[in-house]
Amino acid sequence: MALPTVVISDPRPGHRIHEPVRFVVPAELDGDLWTATQPDGTIVLCQRLTAHSTPGETAFVATASFTGRTELALSGPVTSADRGIRALEPREADAFARLDTGYFDLELCTGTARGTGSSKWGLRHFSSLAEGIDLLSSGNNAIGGFYGPFFTPENGLINPPEHTVVDIEVVERGPVLHHYRMRGTVPDGLLDELRGKSFTIDWIFTYGTPHFTRRYTVDDFQTVINGRSVTNLITVGDEFEGGQGELVFDRFETYDPTVYRAGDPYAAELAAMVAETLETSQSRNPKFDEFKSLLTEDLESAHWDLYWRLFCSWENALDEPEIRERLARVRARARVLADHPDREWIITRHPVDISATPHETAFPGPAAKTAEYHTGTGRTMVWWTEKPSGAFQIVQRPQSGWVNWGSNGENECPQLPTGVWIKTAYGQFADWRAVADDLETPPEVRLV
(Lines give C-alpha, C1' and ligand atoms only; values in the text may rest on other atoms or scores of the structure.)
Protein backbone atom coordinates (compact mmCIF):
# COMPACT_ATOMS: atom_id res chain seq x y z
CA MET A 1 0.00 0.00 0.00
CA ALA A 2 1.03 3.62 -0.48
CA LEU A 3 2.05 5.11 2.81
CA PRO A 4 -0.20 8.00 3.91
CA THR A 5 0.91 11.52 4.76
CA VAL A 6 -0.11 12.87 8.14
CA VAL A 7 -1.35 16.47 7.92
CA ILE A 8 -1.18 18.43 11.18
CA SER A 9 -2.99 21.77 11.42
CA ASP A 10 -2.93 24.07 14.43
CA PRO A 11 -6.17 26.01 15.02
CA ARG A 12 -4.20 28.34 17.29
CA PRO A 13 -1.43 30.82 16.50
CA GLY A 14 2.07 30.27 17.77
CA HIS A 15 4.72 27.59 17.79
CA ARG A 16 4.27 24.06 19.09
CA ILE A 17 7.23 22.36 20.77
CA HIS A 18 7.34 18.59 20.40
CA GLU A 19 3.56 18.43 20.38
CA PRO A 20 2.25 14.86 20.79
CA VAL A 21 0.47 13.74 17.65
CA ARG A 22 -1.45 10.47 17.38
CA PHE A 23 -2.67 8.93 14.13
CA VAL A 24 -3.96 5.60 12.88
CA VAL A 25 -2.85 4.05 9.59
CA PRO A 26 -5.53 1.77 8.04
CA ALA A 27 -3.10 -1.12 7.62
CA GLU A 28 -1.12 -3.54 9.76
CA LEU A 29 2.44 -2.23 9.57
CA ASP A 30 5.41 -4.18 10.88
CA GLY A 31 7.85 -2.63 13.31
CA ASP A 32 7.56 -0.79 16.62
CA LEU A 33 9.42 2.28 15.36
CA TRP A 34 9.03 4.21 12.13
CA THR A 35 10.45 7.45 10.82
CA ALA A 36 8.63 10.25 9.06
CA THR A 37 9.89 13.43 7.40
CA GLN A 38 8.57 16.97 7.76
CA PRO A 39 8.62 19.34 4.76
CA ASP A 40 11.76 21.07 6.07
CA GLY A 41 13.58 17.73 6.15
CA THR A 42 13.31 17.14 9.89
CA ILE A 43 13.23 13.43 10.71
CA VAL A 44 10.53 12.55 13.25
CA LEU A 45 10.39 9.28 15.16
CA CYS A 46 7.03 7.49 15.28
CA GLN A 47 6.26 4.88 17.96
CA ARG A 48 3.69 2.14 17.45
CA LEU A 49 1.01 2.20 20.18
CA THR A 50 0.32 -1.39 21.11
CA ALA A 51 -2.75 -0.68 23.23
CA HIS A 52 -4.46 1.29 20.43
CA SER A 53 -3.55 -0.83 17.42
CA THR A 54 -6.26 -3.22 16.22
CA PRO A 55 -6.54 -5.80 13.43
CA GLY A 56 -6.24 -3.94 10.14
CA GLU A 57 -4.96 -0.73 11.79
CA THR A 58 -1.71 0.55 13.28
CA ALA A 59 -1.69 3.42 15.76
CA PHE A 60 1.35 5.69 16.09
CA VAL A 61 2.45 8.61 18.21
CA ALA A 62 5.07 11.21 17.29
CA THR A 63 6.12 14.57 18.72
CA ALA A 64 6.49 17.37 16.20
CA SER A 65 7.65 20.98 16.46
CA PHE A 66 5.98 23.36 13.98
CA THR A 67 4.15 26.62 13.45
CA GLY A 68 0.69 26.61 11.93
CA ARG A 69 0.84 23.49 9.78
CA THR A 70 3.16 20.63 8.99
CA GLU A 71 3.14 17.19 7.41
CA LEU A 72 4.68 13.87 8.33
CA ALA A 73 5.55 11.69 5.34
CA LEU A 74 5.99 8.13 6.66
CA SER A 75 9.26 6.62 5.49
CA GLY A 76 9.59 3.14 6.89
CA PRO A 77 10.46 1.07 9.96
CA VAL A 78 13.71 1.40 11.89
CA THR A 79 15.23 -1.03 14.34
CA SER A 80 16.48 1.50 16.89
CA ALA A 81 16.20 5.13 17.96
CA ASP A 82 19.12 7.53 18.23
CA ARG A 83 17.09 9.84 20.48
CA GLY A 84 14.05 9.69 22.74
CA ILE A 85 13.01 9.14 26.33
CA ARG A 86 15.71 7.38 28.32
CA ALA A 87 15.93 5.81 31.77
CA LEU A 88 18.09 7.39 34.48
CA GLU A 89 19.49 6.01 37.71
CA PRO A 90 16.72 6.31 40.34
CA ARG A 91 17.14 8.26 43.56
CA GLU A 92 14.38 6.78 45.75
CA ALA A 93 14.23 3.16 46.91
CA ASP A 94 10.61 2.84 45.72
CA ALA A 95 11.22 4.45 42.32
CA PHE A 96 9.44 2.68 39.49
CA ALA A 97 11.00 4.83 36.79
CA ARG A 98 13.23 7.87 36.57
CA LEU A 99 13.04 9.40 33.10
CA ASP A 100 14.85 11.93 31.00
CA THR A 101 12.00 12.84 28.65
CA GLY A 102 14.14 15.23 26.64
CA TYR A 103 12.46 18.08 28.54
CA PHE A 104 11.87 16.82 32.09
CA ASP A 105 13.88 14.83 34.62
CA LEU A 106 11.22 13.12 36.74
CA GLU A 107 10.88 10.16 39.05
CA LEU A 108 7.69 8.13 39.45
CA CYS A 109 7.39 6.25 42.75
CA THR A 110 5.10 3.53 44.08
CA GLY A 111 5.13 4.68 47.71
CA THR A 112 5.99 2.71 50.83
CA ALA A 113 2.89 3.22 53.06
CA ARG A 114 5.08 4.04 56.06
CA GLY A 115 3.08 7.15 56.89
CA THR A 116 5.73 9.80 56.29
CA GLY A 117 6.22 12.47 53.65
CA SER A 118 8.85 10.32 51.97
CA SER A 119 6.33 7.46 51.71
CA LYS A 120 4.25 9.06 48.97
CA TRP A 121 3.59 7.65 45.56
CA GLY A 122 3.54 9.98 42.55
CA LEU A 123 6.27 12.21 41.13
CA ARG A 124 8.73 12.60 43.99
CA HIS A 125 11.36 14.45 41.93
CA PHE A 126 10.66 16.85 39.07
CA SER A 127 12.71 19.37 37.12
CA SER A 128 13.10 20.74 33.63
CA LEU A 129 16.40 19.86 32.00
CA ALA A 130 16.96 23.49 31.00
CA GLU A 131 16.60 24.79 34.57
CA GLY A 132 17.97 21.79 36.43
CA ILE A 133 16.26 22.72 39.73
CA ASP A 134 14.35 19.93 41.47
CA LEU A 135 10.97 21.23 42.61
CA LEU A 136 10.77 18.28 45.04
CA SER A 137 14.35 18.06 46.18
CA SER A 138 13.85 16.34 49.55
CA GLY A 139 11.56 13.58 48.26
CA ASN A 140 9.16 14.39 51.13
CA ASN A 141 6.42 15.75 48.88
CA ALA A 142 4.92 14.65 45.59
CA ILE A 143 3.10 15.77 42.48
CA GLY A 144 -0.03 13.81 41.74
CA GLY A 145 -1.60 12.68 45.02
CA PHE A 146 -5.35 12.55 45.38
CA TYR A 147 -7.02 13.13 48.71
CA GLY A 148 -10.66 14.08 49.34
CA PRO A 149 -13.15 12.75 50.04
CA PHE A 150 -11.39 9.59 51.21
CA PHE A 151 -8.52 11.25 53.00
CA THR A 152 -10.34 13.88 55.04
CA PRO A 153 -10.94 14.28 58.77
CA GLU A 154 -14.53 13.09 58.31
CA ASN A 155 -13.20 9.73 57.14
CA GLY A 156 -10.34 9.56 59.64
CA LEU A 157 -7.71 9.04 56.92
CA ILE A 158 -5.04 11.42 55.73
CA ASN A 159 -2.80 11.41 52.64
CA PRO A 160 -3.28 8.28 50.53
CA PRO A 161 0.21 8.65 49.04
CA GLU A 162 1.51 8.07 52.56
CA HIS A 163 -0.76 5.21 53.56
CA THR A 164 -1.15 3.18 50.37
CA VAL A 165 1.17 1.51 47.90
CA VAL A 166 0.31 1.45 44.20
CA ASP A 167 1.07 -1.15 41.56
CA ILE A 168 2.21 0.28 38.24
CA GLU A 169 1.37 -1.26 34.87
CA VAL A 170 3.35 -0.35 31.77
CA VAL A 171 0.76 0.43 29.09
CA GLU A 172 3.23 1.82 26.54
CA ARG A 173 6.98 2.33 26.81
CA GLY A 174 9.14 3.51 23.94
CA PRO A 175 11.38 6.38 22.90
CA VAL A 176 8.42 8.68 22.05
CA LEU A 177 5.87 7.89 24.75
CA HIS A 178 5.69 6.28 28.19
CA HIS A 179 2.23 5.49 29.54
CA TYR A 180 2.00 4.13 33.09
CA ARG A 181 -1.15 3.11 34.95
CA MET A 182 -1.14 3.15 38.74
CA ARG A 183 -3.59 0.90 40.58
CA GLY A 184 -4.37 1.25 44.25
CA THR A 185 -6.97 0.53 46.92
CA VAL A 186 -8.08 3.16 49.41
CA PRO A 187 -7.81 1.91 53.00
CA ASP A 188 -11.15 1.74 54.80
CA GLY A 189 -11.83 4.76 57.00
CA LEU A 190 -14.65 5.81 59.29
CA LEU A 191 -17.36 6.33 56.64
CA ASP A 192 -19.12 3.16 55.45
CA GLU A 193 -19.95 4.60 52.01
CA LEU A 194 -16.25 5.13 51.22
CA ARG A 195 -15.08 1.62 52.03
CA GLY A 196 -13.86 -0.88 49.47
CA LYS A 197 -12.94 1.69 46.81
CA SER A 198 -10.13 1.41 44.28
CA PHE A 199 -8.52 3.85 41.88
CA THR A 200 -6.34 4.04 38.79
CA ILE A 201 -4.15 6.92 37.64
CA ASP A 202 -2.83 7.17 34.08
CA TRP A 203 0.41 9.08 33.53
CA ILE A 204 1.61 9.94 30.01
CA PHE A 205 5.01 11.46 29.18
CA THR A 206 6.20 12.22 25.65
CA TYR A 207 9.59 13.01 24.18
CA GLY A 208 10.66 16.67 24.30
CA THR A 209 7.20 17.89 25.32
CA PRO A 210 6.96 20.71 27.90
CA HIS A 211 3.86 19.17 29.48
CA PHE A 212 2.61 15.81 30.75
CA THR A 213 -0.85 14.29 31.02
CA ARG A 214 -2.73 12.31 33.66
CA ARG A 215 -6.21 11.06 34.57
CA TYR A 216 -7.74 9.81 37.83
CA THR A 217 -10.45 7.14 37.78
CA VAL A 218 -12.12 6.06 41.03
CA ASP A 219 -14.90 3.61 41.84
CA ASP A 220 -18.24 5.44 42.02
CA PHE A 221 -18.99 6.99 45.40
CA GLN A 222 -21.28 9.45 47.13
CA THR A 223 -20.77 11.02 50.56
CA VAL A 224 -21.03 14.30 52.46
CA ILE A 225 -18.00 16.54 53.12
CA ASN A 226 -18.21 19.98 54.69
CA GLY A 227 -21.99 19.54 54.80
CA ARG A 228 -22.16 19.18 51.01
CA SER A 229 -23.08 16.18 48.89
CA VAL A 230 -20.01 14.87 47.05
CA THR A 231 -20.53 12.49 44.12
CA ASN A 232 -17.45 11.36 42.20
CA LEU A 233 -15.46 14.49 43.04
CA ILE A 234 -11.85 14.31 44.21
CA THR A 235 -9.01 16.48 45.40
CA VAL A 236 -5.86 16.22 43.31
CA GLY A 237 -2.86 17.71 45.09
CA ASP A 238 0.42 18.81 43.52
CA GLU A 239 3.10 19.76 46.06
CA PHE A 240 6.36 21.64 45.61
CA GLU A 241 9.14 22.63 47.98
CA GLY A 242 11.85 25.25 48.09
CA GLY A 243 13.13 24.79 51.65
CA GLN A 244 12.48 27.05 54.62
CA GLY A 245 12.25 30.67 53.54
CA GLU A 246 12.14 29.83 49.83
CA LEU A 247 9.19 29.51 47.47
CA VAL A 248 9.45 27.85 44.06
CA PHE A 249 6.25 29.75 43.09
CA ASP A 250 5.16 33.06 44.64
CA ARG A 251 2.09 34.05 42.60
CA PHE A 252 -1.17 32.44 41.47
CA GLU A 253 -3.71 33.29 38.76
CA THR A 254 -6.74 31.81 37.06
CA TYR A 255 -7.31 32.41 33.36
CA ASP A 256 -10.18 34.83 33.89
CA PRO A 257 -10.34 37.26 36.82
CA THR A 258 -9.22 35.39 39.91
CA VAL A 259 -12.08 35.13 42.39
CA TYR A 260 -10.99 33.94 45.82
CA ARG A 261 -11.31 34.14 49.57
CA ALA A 262 -8.12 34.62 51.54
CA GLY A 263 -7.03 32.63 54.53
CA ASP A 264 -7.78 29.14 55.81
CA PRO A 265 -9.82 29.11 59.04
CA TYR A 266 -9.79 25.31 58.95
CA ALA A 267 -5.98 25.24 59.06
CA ALA A 268 -5.95 27.73 61.93
CA GLU A 269 -8.47 25.68 63.90
CA LEU A 270 -6.57 22.49 63.17
CA ALA A 271 -3.29 24.01 64.33
CA ALA A 272 -4.98 25.18 67.50
CA MET A 273 -6.39 21.70 68.06
CA VAL A 274 -2.95 20.17 67.55
CA ALA A 275 -1.61 22.36 70.33
CA GLU A 276 -4.60 21.62 72.58
CA THR A 277 -4.35 17.88 71.96
CA LEU A 278 -0.65 17.72 72.72
CA GLU A 279 -1.32 19.54 75.98
CA THR A 280 -4.55 17.91 77.20
CA SER A 281 -4.96 14.48 75.59
CA GLN A 282 -4.82 11.53 77.93
CA SER A 283 -3.55 9.29 75.15
CA ARG A 284 -0.37 7.50 76.09
CA ASN A 285 1.23 5.35 73.43
CA PRO A 286 4.49 5.39 71.42
CA LYS A 287 2.88 6.93 68.33
CA PHE A 288 1.37 9.84 70.30
CA ASP A 289 4.70 10.39 72.03
CA GLU A 290 6.41 10.41 68.62
CA PHE A 291 4.10 13.14 67.31
CA LYS A 292 4.50 15.11 70.52
CA SER A 293 8.26 15.12 70.08
CA LEU A 294 7.95 16.15 66.43
CA LEU A 295 5.47 18.95 67.05
CA THR A 296 6.97 20.68 70.06
CA GLU A 297 9.00 23.12 67.97
CA ASP A 298 7.67 25.88 65.69
CA LEU A 299 4.41 24.48 64.32
CA GLU A 300 4.40 26.91 61.41
CA SER A 301 7.63 25.41 60.08
CA ALA A 302 6.61 21.77 60.57
CA HIS A 303 5.79 19.51 57.65
CA TRP A 304 2.07 20.14 57.18
CA ASP A 305 1.30 16.42 57.02
CA LEU A 306 2.21 16.13 60.70
CA TYR A 307 -0.83 18.23 61.60
CA TRP A 308 -3.14 15.81 59.84
CA ARG A 309 -1.44 12.59 60.83
CA LEU A 310 -1.99 13.23 64.53
CA PHE A 311 -5.74 12.80 63.80
CA CYS A 312 -5.43 9.91 61.37
CA SER A 313 -7.05 6.65 62.47
CA TRP A 314 -4.37 4.77 60.53
CA GLU A 315 -1.67 6.16 62.82
CA ASN A 316 -3.39 5.12 66.11
CA ALA A 317 -1.93 8.06 68.00
CA LEU A 318 -5.45 8.78 69.30
CA ASP A 319 -8.40 6.42 69.67
CA GLU A 320 -11.36 6.76 67.34
CA PRO A 321 -13.77 8.50 69.77
CA GLU A 322 -11.18 11.17 70.55
CA ILE A 323 -10.45 11.72 66.84
CA ARG A 324 -14.16 12.13 66.12
CA GLU A 325 -14.80 14.48 69.05
CA ARG A 326 -11.84 16.76 68.48
CA LEU A 327 -12.26 17.05 64.72
CA ALA A 328 -16.00 17.61 65.05
CA ARG A 329 -15.18 20.72 67.05
CA VAL A 330 -12.61 21.83 64.46
CA ARG A 331 -15.08 21.39 61.59
CA ALA A 332 -17.94 23.15 63.37
CA ARG A 333 -15.86 26.25 64.14
CA ALA A 334 -14.15 26.27 60.74
CA ARG A 335 -17.43 26.16 58.80
CA VAL A 336 -18.74 29.22 60.62
CA LEU A 337 -15.51 31.14 60.10
CA ALA A 338 -15.12 30.12 56.44
CA ASP A 339 -18.51 31.59 55.46
CA HIS A 340 -18.51 34.53 57.84
CA PRO A 341 -19.59 37.83 56.19
CA ASP A 342 -16.28 39.41 57.21
CA ARG A 343 -14.49 36.97 54.93
CA GLU A 344 -15.19 38.62 51.63
CA TRP A 345 -14.78 37.36 48.10
CA ILE A 346 -12.03 39.17 46.23
CA ILE A 347 -12.16 39.66 42.45
CA THR A 348 -8.93 40.69 40.76
CA ARG A 349 -7.17 40.67 37.41
CA HIS A 350 -3.80 40.92 39.13
CA PRO A 351 -1.61 37.99 40.21
CA VAL A 352 -2.33 36.94 43.79
CA ASP A 353 0.54 36.96 46.29
CA ILE A 354 -0.64 33.96 48.28
CA SER A 355 2.07 34.28 50.91
CA ALA A 356 0.68 37.71 51.86
CA THR A 357 -2.76 36.26 52.69
CA PRO A 358 -3.74 34.92 56.13
CA HIS A 359 -2.38 31.40 56.65
CA GLU A 360 -0.55 31.81 53.29
CA THR A 361 -3.60 30.20 51.69
CA ALA A 362 -6.35 31.21 49.26
CA PHE A 363 -9.41 29.42 47.93
CA PRO A 364 -10.11 30.45 44.32
CA GLY A 365 -13.40 29.64 42.65
CA PRO A 366 -14.18 27.50 39.57
CA ALA A 367 -11.61 27.37 36.77
CA ALA A 368 -10.19 25.05 34.12
CA LYS A 369 -6.94 26.96 33.52
CA THR A 370 -4.68 28.01 36.39
CA ALA A 371 -1.03 28.88 36.94
CA GLU A 372 1.53 29.35 39.67
CA TYR A 373 4.79 31.13 38.89
CA HIS A 374 7.85 32.77 40.42
CA THR A 375 8.23 36.49 39.83
CA GLY A 376 12.02 36.43 40.09
CA THR A 377 12.92 33.45 37.94
CA GLY A 378 9.93 33.32 35.59
CA ARG A 379 9.39 29.59 36.19
CA THR A 380 5.74 28.75 35.62
CA MET A 381 3.48 25.74 36.15
CA VAL A 382 0.25 25.70 34.14
CA TRP A 383 -2.71 23.36 34.67
CA TRP A 384 -5.59 22.64 32.32
CA THR A 385 -8.40 20.31 33.41
CA GLU A 386 -10.76 18.81 30.84
CA LYS A 387 -13.67 19.90 33.05
CA PRO A 388 -13.40 22.81 35.48
CA SER A 389 -12.73 22.15 39.13
CA GLY A 390 -15.33 23.83 41.29
CA ALA A 391 -12.68 25.31 43.59
CA PHE A 392 -8.98 25.26 44.47
CA GLN A 393 -6.79 25.49 47.52
CA ILE A 394 -3.52 27.31 46.84
CA VAL A 395 -0.78 27.47 49.48
CA GLN A 396 2.55 29.31 49.26
CA ARG A 397 4.08 29.10 52.74
CA PRO A 398 7.55 30.66 53.12
CA GLN A 399 8.07 29.32 56.66
CA SER A 400 8.37 25.75 55.39
CA GLY A 401 8.84 26.46 51.67
CA TRP A 402 5.79 24.34 50.90
CA VAL A 403 3.65 25.20 47.86
CA ASN A 404 0.41 23.42 46.96
CA TRP A 405 -2.10 23.30 44.11
CA GLY A 406 -5.20 21.39 45.18
CA SER A 407 -8.59 20.88 43.51
CA ASN A 408 -10.62 21.37 46.67
CA GLY A 409 -12.64 24.11 48.32
CA GLU A 410 -12.96 25.08 51.95
CA ASN A 411 -12.67 22.47 54.68
CA GLU A 412 -11.24 19.78 52.40
CA CYS A 413 -14.31 19.59 50.14
CA PRO A 414 -13.21 17.95 46.83
CA GLN A 415 -14.24 19.68 43.60
CA LEU A 416 -12.63 17.97 40.56
CA PRO A 417 -14.76 15.40 38.67
CA THR A 418 -13.17 11.98 38.37
CA GLY A 419 -12.13 10.73 34.95
CA VAL A 420 -11.05 14.08 33.49
CA TRP A 421 -7.74 14.57 31.72
CA ILE A 422 -5.26 16.99 33.29
CA LYS A 423 -2.42 18.53 31.30
CA THR A 424 0.38 20.20 33.25
CA ALA A 425 3.05 22.35 31.57
CA TYR A 426 6.22 23.70 33.14
CA GLY A 427 8.89 26.08 31.90
CA GLN A 428 9.76 29.70 31.23
CA PHE A 429 6.56 31.00 29.65
CA ALA A 430 6.10 34.61 28.54
CA ASP A 431 2.32 34.17 28.35
CA TRP A 432 0.96 31.34 30.46
CA ARG A 433 -2.59 31.87 29.17
CA ALA A 434 -1.44 31.06 25.62
CA VAL A 435 0.16 27.88 27.01
CA ALA A 436 -3.12 26.96 28.73
CA ASP A 437 -5.02 27.54 25.48
CA ASP A 438 -2.57 25.24 23.68
CA LEU A 439 -3.13 22.55 26.31
CA GLU A 440 -6.87 22.86 25.82
CA THR A 441 -6.76 22.86 22.00
CA PRO A 442 -4.53 20.23 20.39
CA PRO A 443 -3.69 20.31 16.69
CA GLU A 444 -6.03 18.70 14.18
CA VAL A 445 -4.65 15.53 12.56
CA ARG A 446 -5.77 13.84 9.32
CA LEU A 447 -4.32 11.39 6.80
CA VAL A 448 -4.13 11.99 3.06
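1. R326 and E276 form a salt bridge, with 3.3 Å between the closest N and O atoms; the term denotes a side-chain nitrogen of Lys or Arg within 4 Å of a carboxyl oxygen of Asp or Glu. The pair links distant parts of the chain, since R326 belongs to helix α5 (residues 320-338) and E276 to helix α2 (residues 265-280), 50 residues apart. R326 counts as buried at 6% relative accessibility, whereas E276, at 27%, counts as partly exposed. Buried here means under 20% relative accessible area, exposed means over 50%, and partly exposed lies in between (1.4 Å probe, protein chains only). Helices (H or I, at least four residues) and strands (E, at least two) are DSSP runs, numbered from the N terminus.

2. The model is predicted: local features need pLDDT of at least 70, side-chain atom pairs count only at pLDDT 80 or more, and totals for chains, interfaces and linings use all residues. Residues are numbered from 1 along each chain as its sequence is written, and side-chain values use heavy atoms, with hydrogens and water left out.

3. By the salt-bridge rule, the count comes to 41. One of these joins R433 to E253, the closest N and O atoms being 3.1 Å apart. Because R433 lies in helix α6 and E253 in strand β20, this pair ties together parts that are 180 residues apart in sequence. R433 is partly exposed at 24% relative accessibility, while E253 is buried at 6%.

4. A further salt bridge brings together the side chains of E440 and K369 (2.6 Å, N to O). Here, too, distant parts of the chain are linked: E440 is in helix α6 and K369 in strand β24, 71 residues apart. E440 is partly exposed, at 37% relative accessibility, and K369 is buried, at 11%. Salt bridges that share partners join D10, R12, R16, E19, K369, D437, D438 and E440 into one network.

5. Which residues of helix α6 (residues 432-440) are buried? They are W432, V435, A436, D437, D438 and L439. These residues pack against β2 (15-25), β15 (211-218), β20 (251-254), β24 (367-373), β25 (379-389) and β29 (421-428), contact being defined as heavy atoms within 4.5 Å. At the start of α6, a side-chain oxygen of D431 reaches to within 3.1 Å of the backbone nitrogen of R433.

6. The largest pocket holds about 460 Å³ of space. A pocket is an open set of points on a 1 Å grid over the protein atoms alone, where a 1.4 Å probe fits, with protein on both sides within 12 Å along at least five of seven lines; lining residues have an atom within 4 Å of a point. Grid points are joined across faces, edges and corners, and the volume is the space filled by probe spheres set on them.

7. Of the 19 residues lining the largest pocket, P20, R22, T213, K423 and P442 are the closest to its centre. β2, β14 (198-206), β15, β29 and α6 each supply at least two lining residues, and β2 gives the most, with four.

8. L45 is placed in strand β4 (residues 43-48) and is buried, at 11% relative accessibility. Beyond its neighbours within four places in sequence, L45 contacts residues including L33, W34, V61, V78 and P175.

Definitions and conventions. Polar contact = N/O pair within 3.5 Å; in protein donor to acceptor, adjacent residues only side chain to side chain.
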